[in-house]
Structure formats: C-alpha cells, structure tokens
Amino acid sequence: MKDIEIHNVSKSYGKVKALSGISLEVDKGEIFGLIGPDGAGKTTLFRILTTLLLADEGTASVTGLDVKKDYAMIRRRIGYMPGRFSLYQDLSVEENLDFFATVFGTTVKENYDVIRDIYSQIEPFKERRAGALSGGMKQKLALSCALVHKPSVLFLDEPTTGVDAVSRRDFWNMLARIKASGVTVFVSTPYMDEASLCDRVALIMHGKIIDSGTPAQIVSKYPYTLLAVKGTPMYPLLKHLRGMDGVKGCFSFGAVHHVSIDSSKTGADEILAGISAAGFTGCEVRLISPGIEDCFMDLAGRGHKE
Amino acid sequence: MENVIEIHGLTKKFGDFTAVDNISFNVRKGEIFGFLGANGAGKTTAMRILCGLSIPTSGGGTVAGYDIVREPEKIKRHIGYMSQKFSLYSDLKVWENIRLFGGIYGLSDKQIASRTEEMLSGLGMEEVRNSFVSSLPLGWKQKLSFSIAMIHDPRIVFLDEPTGGVDPETRRRFWELIYEATSKGVTVFVTTHYMDEAEYCDRVSIMVDGRIEALDSPGELKRIYGVSDMDAVFRMLAGKARREE
C-alpha cells in the first residue's frame, strides 16, 4: 500500500522551474527522506503534497486521495511541520496544543497516547509562552501539534536545519518512535548523513530527482572505485590528486580526501606511490565504500554535464 | 607567533543568565579557527562581542589589534563578516554589491574601481558583472560574498555558518576558497554544524554551557577523547550540556 504517490509533477514560478517531472512513491509506515540542498525544490513538493499549492502538471495522491480533488480530506489525515515554526508565539505551550487539537475537531486528552512520548518532555513548561521556549523545546511542541490529531502521514520540512549535531540525533530518535507507532513520515533535509536514518530516500537537485531507493541501493550503484587519501599538507594534496592519471574526482571528506578513480587506469598502490614521490608526507591510501554524499556529488555532477 | 584575536576572561551576562562564562583563547595569524558548540552554548553572543557588536560584562581582549571594550567601532571597520543568512543584496547587480560594500568600508572610488576589476577577474565573473545577484547560482553567490567580505583587506574574516543548506560539492568548493585565503595570510574564524568541516580547521574550540570545554587541533582532540572523528568528539562534549537555548 502506498501512502504517497507522485506522478510526473512539475511546477514553475514564472520562468523558474522549481520541479520538473517528479515521480515518487512512499510506502505506508516508512520514513522517506527527501534529501537535497536549499533551492532544490523540496519545499515546493511539500506544499503540493500538503494541498497548499497546485502543481502545473502531473498528479499526486496522499493516502489514496487526490491532492487536487480531495484536498479537504487530505488535510484532516496529515500532519505538517513546515520549515519555519508554525507555533503561535504568544500562546502558551498548552494553548498551542489545545488550539491545534480543536482545529482538527479532537482533544489533547483523546489522543494523548500519540503525543505522550514527545509532549511529556515539555509538559513541565506548559504554562510558558511558545515564544520563550528554547529551539529544541519549540521543535518538540511543533511536532506534538502536528501529531495531536493522529495523522496517517506526517510531513516534516527540514526539521533539523540549523540544529546542532546532538539535537539532530535526538530528533531522529523521536522520528523512529513515531514511525513505530505506525505513522508514515515524509521528511526533508539538506544533511546527507541523515539519509542512513531513512528507510528510503530520494536525492533532489535543481527540481529533479537524481536517484531514489534505499540508502544501500543508491550506494551500490556508485560507478567508481573510491579511495580515502591522507597526506601532509592536505590542501596542496587535494590539488595534486586532481591532476593525477585515472582520477575522476577528488573532494575533502573530513580528515581525508575521497578520490574516485577509474580502476582500469590506476589503483591505491599507484596513488600512494605517486603522492609519496611528489613529496607529501605521512601518506595513507585506503579503499573505502562510498556514502550517500559521494553518490549525491557524483549524480549532481552528471546533471550539470547533460 | 602573532595573534589576531586575544581574549581573556570574557563574560557576558543578561540579567542573571551567564551566556558566556569566563572564556579565554587566542587565534593565530593565518589559521582557520573553528568555533563550535551546541545551539544555545553561547557562540552567537561571543561572536557578537568579537565583531564589536556587543560589549562584554567583564574580561577583555583584542581583535585585529583593537580593544573589544574601548574600540568596537574600529573592530567593525577592520574585520570581514559573512553569513549564509545575510550577505549580498539580491536585487542589486554584482558590481553594485561590490560598490556598496566598498563604500561602506570607506574605500575611495578609485580603490573600488580597481578592486572591482581585480575581484571579477579573480572570480572569473566578468560576464555577470551586470547581472542581478538573485540570478546567480548559489556557488557563485558564495564566492562573491566571501570576496566582498574581504574587500577592505581585513586581517581576519568571520564566517557564520557559511555553508548551511548548500549542496555537498559547493560546500567543499567553498572550503577551497577558505584555504586559498589563509594561504595568503588571512585568518578565518568559522562556525558550522557540519562536523566534517570541523576537520578542515587548524584548531577547533567547543563551547558547552557558556564555557570553552575543549580547544585543540582536530587530530589532538580525537586522540584525547579516543574517537575516530570530530562528530564523536562533539557529541561527547556537547552531549553534556545542561542548558538549552
């Protein structure tokens, strides 16, 4: 059973093509990640799926309902947490939650079990104005408000943007629990490392899906041999590697450079010999498996050349 | 070794809340200094003081040779600043942005004219000189914004989350610009939420609850905490935080 089906959706703002020919399917009960940088079209797709914007072309359905014809019914079945906080800053924590429950014709009491896990963490501050909450607490409240009517599908548009590495991890732990309660989660993020926390992902760039599947499927399609290379000094090493035979691409990845090579032309031993001979010190070269970020860069790079 | 920032006992209180709690550190000329911390750790408050936008409650020091308590206006004139959130005016043309910031930093018309040519040819952006900034690809905007932050040849440039939300290749190309700049002697003070970028810094400080909990090279920090990457170091330290924003 599919909870979201998107078929050939396009949307332009004037001359700017925000989405071109997007097709995706999201299974019931999965965490599906839409991964891409700012300006890729993520928010436009969210607004179409949450019935706030009409596509120029194509069709989409959520829980089997058409986003255009059945928009009113969809709105009752989904929860939506937009990128910017949707809370009423001058209402208290409790008032915000009551408000959202009432709008959806329910009560906090009736669905307390749905939000207990998250809401209990901020309940001690229920008298506090939402505007006076910390970023982490606002996020928990916004999530509670988006869940209080027991939606089938939860839409989260960049919930972790600008959030530090520790709080990001906490947030994903909450999502795993929401998923366990049977809710389908459609979430967008610019952080490539969050891909591994999703059941399936779609990589989006310049309004196009450049690949989709489970993180393992995407990684398995990476076409080159990948090496992690280290040597001092690092930045001159980066430039040197880019000029070597058989090197397809070379970028920094934390403490090492990731070097994609054409294995018919070169290999780890040749690279190591080459950079050592060029005078770099403390050189190390090791064969590694690519991550989603390596795949994204390769696929996005192909897009430019088309 | 020459220091571009020297800070001792820096404290900032808002009422009875101590946002920055007695921090001391130096930033050396030509280094890339990563300024990390969880949301609410006090990074923004500390950075505002270093940029001359706020006066500390106690403690002091110098930035680019000027006193942070007595000479904040001079600091503003002698540092560069760029953030992802605000940098260029998108409804001005490329040359107009350069002109505007050149004027703000007190360059003469003659200096602005020569800097404009130098910058556009250095960036390979001559043919977009008359384009609106809004029409440029993100990577170009970033390059331009970084160059404009250094239009007045500051000794130090502050980069506040310069790569947030940017695609992975553009993010890395931006760091290559940072390396180019530091190889010419500019000092870079940078904040980021991407822990792989922490590895690109010469030294990194990690703030927790208003204090600097650790300060060293990424290699040394990983060795001290016995972990393999900066993400793990960050989580060990920032995970101990007791306060939220």
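This is a predicted model: local features need pLDDT of at least 70, side-chain atom pairs count only at pLDDT 80 or more; totals for chains, interfaces and linings use all residues.
Start with strand β3 of chain A, which covers residues 31-35. Five of its five residues are buried, so the strand is largely enclosed by the rest of the structure. A residue counts as buried here if 20 or more other C-beta atoms lie within 10 Å of its own. The side chains can be followed on both faces of β3(A). On one side are A:I31, A:G33 and A:I35, and on the other are A:F32 and A:L34. Both faces are covered.

Next come the strands that pair with β3(A). Strand β8 of chain A, residues 184-189, runs parallel to β3(A) and is joined to it by five bridges. In this pairing, A:F32 stands opposite A:F186 of β8(A). Strand β9 of chain A, residues 200-205, is also parallel to β3(A), and four bridges join the two. Here A:I35 stands opposite A:L203 of β9(A).

Now turn to where the chains meet. The contact involves 28 residues from chain A and 28 residues from chain B. On the side of chain A that touches chain B, four elements each supply at least two residues: α5 (135-147), α6 (165-180), β12 (247-253) and α10 (292-305). The largest share, five residues, comes from α10(A). What kinds of residue make up this side of chain A? There are 15 nonpolar, ten polar and three charged residues on the side of chain A that touches chain B.

Definitions and conventions: Residues are numbered from 1 along each chain as its sequence is written. Chains are lettered from A and ligands numbered from 1 in the order in which they are written. Two residues are in contact if their C-beta atoms, placed from the backbone, lie within 7 Å. Ala, Val, Leu, Ile, Met, Phe, Trp, Tyr, Cys and Pro count as nonpolar, Asp, Glu, Lys and Arg as charged, and the others, Gly among them, as polar. A residue is buried if 20 or more other C-beta atoms lie within 10 Å of its own, exposed if 12 or fewer, and partly exposed in between; C-beta atoms are placed from the backbone. Two strands pair if DSSP finds at least two bridges between them.
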